[in-house]
Amino acid sequence: MTLFRTIAQSIYSPLLYHELTNKPFSFSWKYFFKLVFCCALLIAVVLSIKTFPALNSSVKGIESFVTVVYPPDLVITLQDGKAQSNAKEAVTIPMPPAFVVPGVDNLGVINTSIPFSFEEFQKSNALFFLAQDALGVGKSNDIQQKIEVVKLKDLPPITLTKDIVQSLAQSAATFVRYLL
């Protein structure tokens with residue numbers, strides 16, 4: 001309670017500042033850190049009250065999002081630094097209506113019959129582009145747009161089906177719910 005009394009006095013009492021000259025320097029540091037801690041705690045509580053409901057509804061939407069977006073018969077295999085799929089031609093995953101990114105028409109394009117190139121990535125007009133040897137992911141901010149390329153040789157062997165992707169989404173949603 002003395003902290004709140006000290007805060008109140010620091011706002012309207014000139015007597016506190018006169019008494020500071022007789023107190024050790026550590027008093028000021030303790031006051032400062034306690035004040036910063038109280039402000040941080042107050043901000044954290046207010047932000048938590050505002051953001052937790054929105055995060056919770058977003059987590060619930062992850063599982064249904066994957067169910068709608070991932071093609072049911074698509075199988076992608078990453079092995080020995082190469083991607084292979086059972087699709088004969090490029091698979092375009094359209095952008096869901098609830099997930100709008102300005103200037104991007106597709107969520108992703110999977111074309112494992114060609115090597116990765118920046119030209120193909122830009123032609124795909126997608127957030128991600130999976131090619132035979134690399135995965136390109138578009139990142140943008142207000143100033144510039146970047147493309148991050150992940151070479152598949154750096155990834156472990158894996159086979160992705162709709163069931164596996166749904167299972168990963170459910171695991172991620174469970175983990176995030178646990179954190180919330």
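## Contacts and overall form

Of the contacts in the protein with a separation of 6 or more, 39% are made by residues 24 or more positions apart, where contact means heavy atoms within 4.5 Å. This is a predicted model, in which local features need pLDDT of at least 70 and side-chain atom pairs count only at pLDDT 80 or more, while totals for chains, interfaces and linings use all residues. Residues are numbered from 1 along each chain as its sequence is written, and side-chain values use heavy atoms, with hydrogens and water left out.

The C-alpha trace spans about 80 × 30 × 30 Å along its principal axes. The protein has a radius of gyration of 26 Å, whereas a compact globule of 180 residues would have one near 16 Å; the radius is taken over C-alpha atoms, and the globule rule is 2.2 Å times the number of residues to the power 0.38. Buried residues make up 24% of the 180 residues, with buried defined as under 20% relative accessible area, exposed as over 50%, and partly exposed as in between (1.4 Å probe, protein chains only).

## Secondary structure

The protein holds five helices and eight strands, taken as DSSP runs (H or I of at least four residues for helices, E of at least two for strands) and numbered from the N terminus. Along the sequence they follow the pattern α-α-α-β-β-β-β-α-β-β-β-β-α.

## Nonpolar cores

A nonpolar core is a set of buried Ala, Val, Leu, Ile, Met, Phe, Trp, Tyr and Cys residues joined through side-chain atoms within 4.5 Å. The largest one has 17 residues, of which Leu74, Ile76, Ile110 and Leu130 touch the most other members. At least two residues of this core come from each of helix H3 (25-69), strand S1 (76-79), strand S3 (91-94), strand S4 (106-110) and H5. Apart from it lies another core, of seven residues, including Val109, Ala126, Ala131 and Ala134.

Leaving aside residues up to four places away in sequence, Leu130 touches Ile76, Ala83, Val109, Ile110, Asn111, Thr112, Leu135 and Leu152.

## Charged side chains

Lys and Arg count as positive and Asp and Glu as negative, while His and the chain ends are not counted. With a salt bridge defined as a side-chain nitrogen of Lys or Arg within 4 Å of a carboxyl oxygen of Asp or Glu, the count comes to one. This salt bridge joins the side chains of Glu120 and Lys123 (3.1 Å, N to O), both of which lie in helix H4 (residues 118-124), three residues apart, or about one turn of the helix. Glu120 is partly exposed at 25% relative accessibility, and Lys123 is exposed at 62%.

Lys162, found in helix H5 (residues 162-179), is buried yet has no salt bridge, and the nearest side chain of opposite charge, Asp163, is 7.7 Å away. Beyond residues up to four places away in sequence, Lys162 touches Val66, Thr67, Tyr70, Pro71, Pro72 and Leu74.

## Cysteines

The structure holds zero disulfides, a disulfide being a pair of cysteine sulfur atoms within 2.5 Å. The sulfur of Cys39 is 7.0 Å from the closest cysteine sulfur, that of Cys38, and is therefore too far for a bond. Cys38 is partly exposed, with a relative accessible area of 25%, and Cys39 is partly exposed at 39%.

## Backbone angles

Most residues other than glycine have a negative phi. Asp80, although not a glycine, has a positive phi of about 55°; Asp80 is found in the loop between S1 and strand S2 (82-85) and is exposed at 73% relative accessibility. Asn125 has a positive phi near 50°, lies in the loop between H4 and strand S5 (126-130), and is partly exposed at 25%.
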